[in-house]
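Open the model in your viewer and keep the sequence beside it. The tour moves from one selection to the next.

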Amino acid sequence: MRLDKYLKVSRIIKRRTVANEACSGGRVSLNGKVAKPGAEVNVGDVMTIRFGDHCGKYEILSIAETVRKGSAADMYRILSEDEGVAAERE
């Protein structure tokens with residue numbers, strides 16, 4: 001599955017266009033490398049997403065074309081979420 005679609009289906013990012021822009025802008029890394037929107041995701045991959053001062057690191061647990069809203073969070077595991085840059089400045 002494409003990275004931008006995975007971000008939308010898993011509801012880590014609510015809209016696919018926003019997910020696509022985040023990937024194109026270099027704010028999403030997959031297994032330590034900056035990833036394009038069309039990068040293939042696999043179970044076990046680790047992705048890092050940076051939005052402003054927020055930085056989240058997630059492990060992909062499952063991949064599905066469609067998921068109900070209540071089950072979306074089961075597709076990934078949060079490894080860390082922090083305010084990154086803001087915390088470093090203080």
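Select M47 and show what surrounds it. Setting aside neighbours within four places in sequence, M47 is in contact (heavy atoms within 4.5 Å) with L3, Y6, L7, I12, S29, L30, G56, K57, Y58 and I60. This is a predicted model, in which local features need pLDDT of at least 70, side-chain atom pairs count only at pLDDT 80 or more, and totals for chains, interfaces and linings use all residues. Residues are numbered from 1 along each chain as its sequence is written, and side-chain values use heavy atoms, with hydrogens and water left out.

Buried means under 20% relative accessible area, exposed over 50%, and partly exposed in between (1.4 Å probe, protein chains only).

Switch to cartoon view. An open sheet of 5 strands runs in the order β2-β1-β3-β4-β5, with antiparallel pairing. Two strands pair if DSSP finds at least two bridges between them. At the edges are β2 (33–34) and β5 (76–82), each pairing on one side only. Now zoom to β1 (residues 28–30) and β3 (residues 46–51): 3 bridges join these antiparallel strands. Pick V28; its bridge partner in β3 is I49.

**E59**

Select E59 in strand β4. Is E59 buried or exposed? At 17% relative accessibility, E59 counts as buried. Leaving out neighbours within four places in sequence, E59 is in contact with G44, D45, V46, M75, Y76, R77 and L79.

**The cysteines**

Last stop: sulfur atoms. How many disulfides does a search of the whole structure find? The search finds 0 (a disulfide is a pair of cysteine sulfur atoms within 2.5 Å). Select C23: the nearest cysteine sulfur, that of C55, is 14 Å away. C23 is buried, with a relative accessible area of 2%. C55 is partly exposed, at 22%.

How values were computed
Helices (H or I, at least four residues) and strands (E, at least two) are DSSP runs, numbered from the N terminus.
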